[in-house]
Amino acid sequence: MQLYQIQEKELHKEQKLLILLMFPISFMIFGIGISVYQADFNTLAKGVVDIIVSPTILLTDFLAIGGIGAAFVNAAVIGFFNLYLLAYYKLRINGLLIAAFMTVIGFAFFGKNLFNVIPIYLGGYMYTKYQRIAFKDSILVIMFATALAPIISEISFGDILPTYIALPFGIIVGIFIGFIIVPLSTQMLKFHDGFNLYNIGFASGILGTVLTSIFRSFKIEIEPVSIIYKNNSWLIVGLLIFLFCYLMIIGLYVNRHVFKHFTEVFKYKGRLVTDFTHLVGYGITFFNMGIMGLLCIIYVIMVKGVINGPVMAGIFTVVGFSAFGKHLKNCFPIVLGVFITSLVLGYDLSSTGMIISLLFSTTLAPIAGSYGIGIGIVAGMMHLMLVTNVGVIHGGINLYNNGFAGGIVAGFIIPIVDAFKRE
């Protein structure tokens, strides 16, 4: 394949961080602004506390737990914390880092808060000290590994253990997760051979299944919940449209030929590792992220869904991985497969569960990119049937349930397709 000759303005590391900084700053202003409008800071403070002390098992929507203002402030805090780490350790802002950052702030609307992610970072830090490697080499995996943050909140605040034991035990479990997730995720990659973009979601699903099974052996039941914000806020929709248009404008600023060369991104299959910032440059990458974000919003509005916490997590994950493997061409067959199956099985297309299943199903985009539309549609159909059934296995403690299901689908379908493929 002939590589695209990148011609764009050079961005320094600090400029890339500033581009990402726009997201937590916007969230913080929006969250506080909503509270100012409602003239009730007590509600904002109480909402943040409610988010911190809530068990955050799937699906726990922070918009429903703490209110819109508190949910956005929580996402902003998580965003600032992770950007500080990226700046402090002077990491190169590439496609995978952008994907990790967007995924983390997206899931800060339903599942992640500062209390339940810090123990996992601490465990990852201890692992790097034990292995005598640099922490910055493992930050990426640790960022994604916060998928298991709900187990910390569930143990600490879920009334399953006496209070004096629950809090320290929850933190210890979080540190343990951070300590072992790096080697575990490396091994799990071999199972799906890079055809599942949410590899840590698969590794977290395996680890979550083991932990949940241990708890159930001691008669401690962990079951999924469904606490969902059910009203659409057009202020939230407007903010998301603004942020995704902002990405497209940044892309156009960096590469003034972005309209002419945007389709270059379609040449890549998306299989791990496909870093668009390296292959087509930051201009086309940011433009692609903005386009994918807007398409997600259009879909949710078309099916009359609600843009709540879980849906925003799905949207921001799609946007993030549009810097690292996803584009319209390789996502569409997967989405079409999910859509067709939902119609056949009679699922409600406007439900939050159905919308996030469709958005997150794009983790299998590399299959459509590598094997074509037909296999992509089949992969999407299988994904929906699995993702609606595997959550109970890990009890909802793995936020990346679709990554877990996607890993199983990829590990199942790829060897079969390869075995019967005609050269």
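Aromatic pairs come to 26 by the rule used here, in which rings of Phe, Tyr and Trp (its six-membered ring) pair if their centres lie within 6.5 Å, with planes under 30 degrees apart counted as stacked, over 60 as edge-to-face and the rest as tilted. One of them joins Phe 23 and Phe 316, edge-to-face, at 6.2 Å centre to centre and 85° between the planes. That pair links distant parts of the chain, 293 residues apart, with Phe 23 in helix α1 (residues 13–38) and Phe 316 in helix α15; helices are DSSP runs (H or I, at least four residues), numbered from the N terminus. Both Phe 23 and Phe 316 are buried, meaning under 20% relative accessible area, with exposed set at over 50% and partly exposed in between (1.4 Å probe, protein chains only).

All this comes from a predicted model, where local features need pLDDT of at least 70, side-chain atom pairs count only at pLDDT 80 or more, and totals for chains, interfaces and linings use all residues. Residues are numbered from 1 along each chain as its sequence is written, and side-chain values use heavy atoms, leaving out hydrogens and water.

Phe 23 and Phe 316 also belong to one aromatic cluster, along with Phe 27, Phe 30, Phe 72, Phe 109, Phe 244 and Tyr 246.

Then there is helix α17 (residues 352–360), which is mostly covered, with eight of its nine residues buried. Its buried residues pack against α5 (95–107), α14 (281–302), α15 (309–321), α16 (328–345), α19 (373–394) and α20 (401–420), contact being heavy atoms within 4.5 Å. Helix α14 holds Ile 284, which counts as buried because its relative accessibility is 0%.

How values were computed. Helix = DSSP H or I, 4+ residues; strand = E, 2+ residues; numbered from the N terminus.
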